[in-house]
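This report goes through the structure shown below part by part. Keep the sequence and the 3D view open while reading.

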Amino acid sequence: MEDFQYLRPATIAAAVLLLAQHKGKARLIAGGQSLIPMLRSRLVRPAYVIGLEAIPELKRIEPRHGGLRVGAMVTHHEVLTSPLVKERATILSDAEILVGSPAVRNLGTLGGNLCHNEVGADPPPALLALGASAVIASPHGERRLPLETFFRGFLETALGEDEILAYIDTSALPSGSVWSYLKCRQRSVDKAIVGVGVVLRIEGGVCRDVRVALGGVAPVPFRAKKAEAAFMGERPNDRIIEEAAMAAVAEAEPMSDAHASADYRRKMIGVFTRRALRQALEIKS
Amino acid sequence: MKQSISLEVNGESYKLEVSPNRLLLDVLRDDLGLTGARRGCEDSICGACTVLLDCQAVHACSVLALRASGQRILTIEGLAQGGKLHPLQEAFIQYGAIQCGYCTPGMILAAKAFLGENPHPTEHEVRWGLIGNLCRCTGYMKIVEAVLAAAERI
């Protein structure tokens, strides 16, 4: 690992000023579970590493308009064990328990996970299915971005060089909503080959809301909007579920990598989308 | 530029000057001579370097030493008290849960943290709790048995 200077701002304002001051030469560190391997392999060589651990407001989980505000520095373990998350964003808890191993979850943070945008991360599809948004701080103030537009490319996000992901906001789900997050992987500690998050609501036997999100299959996690369209306004049955799953397969452009081929991913998108929809609807297979 | 840090390791306080790029694992092994935390994959996968940081299991290969400043660290060297082995260590010996021994310190410390949160686990929960620790010898059966037996004795 190359040498660097370690900076530890105590406020968000101080942190973004440091970023602006050292533009292009600094990296933020949250829990370090993604950045430290990147530093070790010299994939990144920052002159300055800015630690966010001394900023209290980034470490809180708070209720907000019936939904939640989760600080970017909240660890996976804290998300997982939070009764508030369990109550208001259960699908996020369901996804968090599948992140890495206990040791990774004890240090790794939700914000760090989102900002690295590693392929196959579990929280993104769950949060996309929840319709979450990112609150981003910079020296010029705050902006809010739907999470759908936050992920931009392989290991890339919409964050500018002087910006910090401060909070992740989720809104209240309408009553009667159901959900499921499922993950296809080889070993328990692996990232998802396919991760599927589904949140939907059936009213009067008809699907009124549906979000289907996929991770692990492409450089960027995304909403499978054709799958959603196949489901929306329909009465769920085996045929509709199958159509939605096949729509997800058709709209994904999966990649091949060391973990799985594009063909395998395509197959598993179908299998896991179908299972996630069935599980959310409590259809026993 | 080096920074001053203070670590409490196995109940003893240390004041150290470290470069910001030093990892906790390297400081434990190379500066303090505590080689129980093993250098394995160095990529947060194998768990051989697991130590407890304020009672939580972490991979020492993925923690900057300066981030551990002010925290209590437990390595395998600090687990036995007054010359008496910890019930997990005894159970690992009794059940033959050790073969080559490389994963053992991390496995025992991960199990200790796990039992701290879940004192009466099922076999499935033990396996789930130890997913971050690889063993290439035992096939895990004896490790799981040892952790279940130790849970009864703690």
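Domain bounds come from an automatic or database domain assignment. The model described here is a predicted one.

## Domains of the two chains

In chain B, the assignment gives domain 1 (3-78) and domain 2 (87-153). The centres of domain 1 of chain B and domain 2 of chain B, taken over C-alpha atoms, are separated by 21 Å. Contact between the two involves 15 residues of domain 1 of chain B and 13 residues of domain 2 of chain B. On the side of domain 1 of chain B that touches domain 2 of chain B, β3 (50-53) and β4 (56-59) of chain B each supply at least two residues. β3(B) gives the most to that side, with three residues. Sorted by class, that side of domain 1 of chain B has 10 nonpolar, four polar and one charged residues.

Chain A is assigned domain 1 (5-51), domain 2 (56-170) and domain 3 (178-280). Between the centres of domain 1 of chain A and domain 3 of chain A, taken over C-alpha atoms, there are 35 Å.

## Where the chains meet

How many residues does the contact take from chain B and from chain A? It takes 25 residues from chain B and 22 residues from chain A. On the side of chain B that touches chain A, β4 and α3 (104-117) of chain B each supply at least two residues. The largest share of this side, four residues, comes from β4(B). By class, the side of chain B that touches chain A divides into 11 nonpolar, 11 polar and three charged residues.

## An open sheet in chain A

Strands of a sheet pair through backbone hydrogen bonds, either parallel or antiparallel. In chain A, five strands form an open sheet with antiparallel pairing, in the order β4-β5-β10-β6-β7. Why is one side of β4 (61-64) and of β7 (141-146) of chain A left without a neighbour in the sheet? These two strands stand at the edges and each has a single partner strand, so one side of each has no neighbour there. Direction ignored, neighbouring strands of this sheet are turned by 25° against each other on average.

One pairing within the sheet joins β5 (residues 67-71) and β10 (residues 164-170) of chain A, antiparallel, over four bridges. A:R69 has A:D169 in β10(A) as its bridge partner. Helix α1 (residues 12-21) of chain A lies across β6 (133-138) and β10 of chain A, and runs at about 135° to β10(A).

## Strand β12 and its partners

Strand β12 (residues 194-203) of chain A is mostly covered, with seven of its 10 residues buried. Strand β11 (residues 177-184) of chain A pairs with β12(A) in the antiparallel sense over eight bridges. Here A:V178 stands opposite A:L200 in β12(A).

β12(A) is also joined to strand β13 (residues 206-215) of chain A by nine bridges, and these two run antiparallel. A:R201 is opposite A:D209 in β13(A). The hairpin of β12(A) and β13(A) has two residues between the strands, and A:G204 takes a positive phi near 60° in it.

## Buried parts

In soluble globular proteins, nonpolar side chains tend to be buried together. The largest nonpolar core here has 146 residues, and those touching the most other members are A:I91, A:A129, A:V194, A:V198, A:L214, A:A248 and B:A60. α3(B) provides the largest share of this core, eight residues. Leaving aside neighbours within four places in sequence, A:L214 is in contact with several residues, including A:P125, A:V194, A:F222, A:A248 and A:I269.

Helix α8 (residues 123-130) of chain A is mostly covered, as eight of its eight residues are buried. Among them are A:P123, A:P124, A:P125 and A:A129. Just after α8(A), A:G131 takes a positive phi of about 75°.

## A partly exposed residue

A:T90 lies in helix α5 (residues 90-96) of chain A. Is A:T90 buried, exposed or partly exposed? A residue is buried if 20 or more other C-beta atoms lie within 10 Å of its own, and exposed if 12 or fewer do. A:T90 has 19 C-beta neighbours inside 10 Å, so it counts as partly exposed. A:T90 and A:A213 are 123 residues apart in sequence, and C-alpha to C-alpha they are 16 Å apart in space.

How values were computed
Residues are numbered from 1 along each chain as its sequence is written. Chains are lettered from A and ligands numbered from 1 in the order in which they are written. This is a predicted model: local features need pLDDT of at least 70, side-chain atom pairs count only at pLDDT 80 or more; totals for chains, interfaces and linings use all residues. Two residues are in contact if their C-beta atoms, placed from the backbone, lie within 7 Å. Ala, Val, Leu, Ile, Met, Phe, Trp, Tyr, Cys and Pro count as nonpolar, Asp, Glu, Lys and Arg as charged, and the others, Gly among them, as polar. Two strands pair if DSSP finds at least two bridges between them. A nonpolar core is a set of buried Ala, Val, Leu, Ile, Met, Phe, Trp, Tyr and Cys residues joined through C-beta atoms within 7 Å. Axes are lines fitted to C-alpha atoms, for helices over the stretch in contact, and angles run from 0 to 180 degrees between N-to-C directions.
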